[in-house]
Amino acid sequence: MVLSDENMDMVCATLKGITEALNRNNATLEKILGHYNSVVPPMKEGADRSNRIGREVELQNGAVGALGGHIEN
């Protein structure tokens with residue numbers, strides 16, 4: 001198949017537009033990843049610490065029964 005110069009220019013312009021859109025999307029995804037990496041690990045660390053402390057308190061005060069209950073400090 002042979003494309004005319006006009007059609008070739010249109011195809012090239014379309015491919016250039018797609019490339020530019022992909023570059024913008026990649027830049028946006030890099031920003032999202034940077035934010036994720038700065039927020040999620042500290043949040044997970046805090047949640048893990050909270051869970052560990054909660055388990056330690058339960059062990060110190062006696063485990064809460066399977067049917068529920070509360071821990072008095």
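## Salt bridges

Three salt bridges are counted in this predicted model, a salt bridge being a side-chain nitrogen of Lys or Arg within 4 Å of a carboxyl oxygen of Asp or Glu. Residues are numbered from 1 along each chain as its sequence is written. Because the model is predicted, local features need pLDDT of at least 70 and side-chain atom pairs count only at pLDDT 80 or more, while totals for chains, interfaces and linings use all residues; side-chain values use heavy atoms, with hydrogens and water left out.

Asp 48 is partly exposed at 38% relative accessible area, whereas Lys 44 is exposed at 52%. In these terms, buried means under 20% relative accessible area, exposed over 50%, and partly exposed in between, with a 1.4 Å probe and protein chains only.

Glu 45 and Arg 49 also form a salt bridge, at 3.1 Å from N to O. About one helical turn separates Glu 45 from Arg 49, because they are four residues apart in helix α1. Glu 45 is partly exposed at 49%, and Arg 49 is partly exposed at 38%.

A salt bridge at 3.6 Å, N to O, links Arg 52 and Glu 56. These two residues, Arg 52 and Glu 56, are likewise four residues apart in helix α1. Arg 52 has 42% relative accessibility and Glu 56 has 38%, which makes Glu 56 partly exposed.

## Helix α1

After α1 comes Gly 62, with a positive phi near 95 degrees.

## Surface

Of the 73 residues of the chain, 0% count as buried. The accessible surface is about 6600 Å², with 59% belonging to carbon and sulfur atoms; areas come from the Shrake-Rupley method with a 1.4 Å probe, and for residues only the protein chains shown count as cover.

A nonpolar surface patch of about 700 Å² accessible area includes Met 1, Met 8 and Leu 22. Met 8 lies in helix α1, residues 5-61, and is partly exposed at 37% relative accessibility. Patches are made of residues with over 30% relative accessible area and no salt bridge, like charges being joined within 9 Å and nonpolar side chains (Val, Leu, Ile, Met, Phe, Trp, Tyr) within 5 Å.
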